[in-house]
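Q: Hi! Could you walk me through this one while I have it open?

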Amino acid sequence: MLFRSVQRAVGLEPFGLFRFSACQAAAIAELLRNRFERLCDPKDLWLDVVGERREYWVKSRSTPFEAHTNRYADRDKETVVRLGELERIRYLRDHLLQDLSRGKKLFVFKGDSDLDTMRGMAEALQQYHRNFLLWVSLADAEHTAGFVCRDTEHLLCGYVSRFGAYDDTACRHR
């Protein structure tokens, strides 16, 4: 994606709760409204072994959140990975909540959704401070690639010709 390429070109490699992860827009909006409490419950998180490389993916029982761990069943103990992921997710949640409370955060969501859900996510971001949501979706007959418009005060809609392809087959298991 161009946005990530620009960040990388200027030496920014931001980490975040949703980097190298997947979650549906409606679930993210709900997580935002509830300060990610369920996601950080030890009973909620579990590990799944995915793909030929047998990578552990951390998954939530209560939401459709799932993320790479970059740890593998053939060489890493499941209990150690699970505890590490719980600690990592808590840390990233706290970091995100702190950033949101400062305001002026640009939260980017890439993927399929609908306008009402995205408006709900933009509204959920406002409970913390003045933050913005950029929804990136595929161009269509009405919106050409590269077009960006403001839907509401805190929601921008951007369009791309295609989403980047993943090199790792484990990313395609969904």
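Predicted model: local features only at pLDDT ≥ 70, side-chain atom pairs only at ≥ 80, totals over all residues.

Q: Where is T63 found, in terms of β3 and β4?
A: T63 is in the loop between β3 and β4 (66-72). Helices (H or I, at least four residues) and strands (E, at least two) are DSSP runs, numbered from the N terminus.

Q: And is T63 buried or exposed?
A: T63 counts as buried because its relative accessible area is 8%. The cut-offs are under 20% for buried, over 50% for exposed and in between for partly exposed, with a 1.4 Å probe and protein chains only.

Q: Switching topic: how many residues are in the largest nonpolar core?
A: That core has 37 residues, and L32, M121 and L133 have the most contacts inside it. Eight named elements give two or more residues each: α2 (25-33), β2 (45-50), β3 (55-60), α3 (78-102), β5 (106-110), α4 (115-125), β6 (132-138) and β8 (155-160). The largest share, seven residues, is from α3. A nonpolar core here is a set of buried Ala, Val, Leu, Ile, Met, Phe, Trp, Tyr and Cys residues joined through side-chain atoms within 4.5 Å.

Q: What does L32 touch, again not counting residues up to four places away in sequence?
A: L32 touches L100, M121, A124, L125, Q127 and Y128.

Q: Which residues of α4 are buried?
A: In α4, the buried residues are T117, M118, G120, M121, A122, A124 and L125. Their cover includes α2, α3, β5, β6 and β8.

Q: What unit does α4 make with β5 and β6?
A: The three make a right-handed β-α-β unit. Right-handed means that, with the strands pointing away from the viewer, the path from the first strand over the helix to the second runs clockwise.

Q: How many bridges join β5 to β6?
A: Five, and the two strands run parallel; strands pair if DSSP finds at least two bridges between them. F109 has W135 in β6 as its bridge partner. β6 also pairs with β8 in the parallel sense, over six bridges, and V136 stands opposite G158 in β8.

Q: Now the charges: how many salt bridges does a search of the whole structure find?
A: There are 12, each defined as a side-chain nitrogen of Lys or Arg within 4 Å of a carboxyl oxygen of Asp or Glu. D48, K59 and E66 are linked in a network of them.

Q: What is the N to O distance between D151 and R119?
A: The side chains meet at 2.6 Å. The pair links distant parts of the chain, with D151 in strand β7 (residues 148-152) and R119 in helix α4, 32 residues apart.

Q: Why does D151 count as partly exposed?
A: Because its relative accessibility is 27%. R119 counts as partly exposed too, because its value is 34%.

Conventions. Residues numbered from 1 in each chain as written. Heavy atoms only, no water. Contact = heavy atoms within 4.5 Å.
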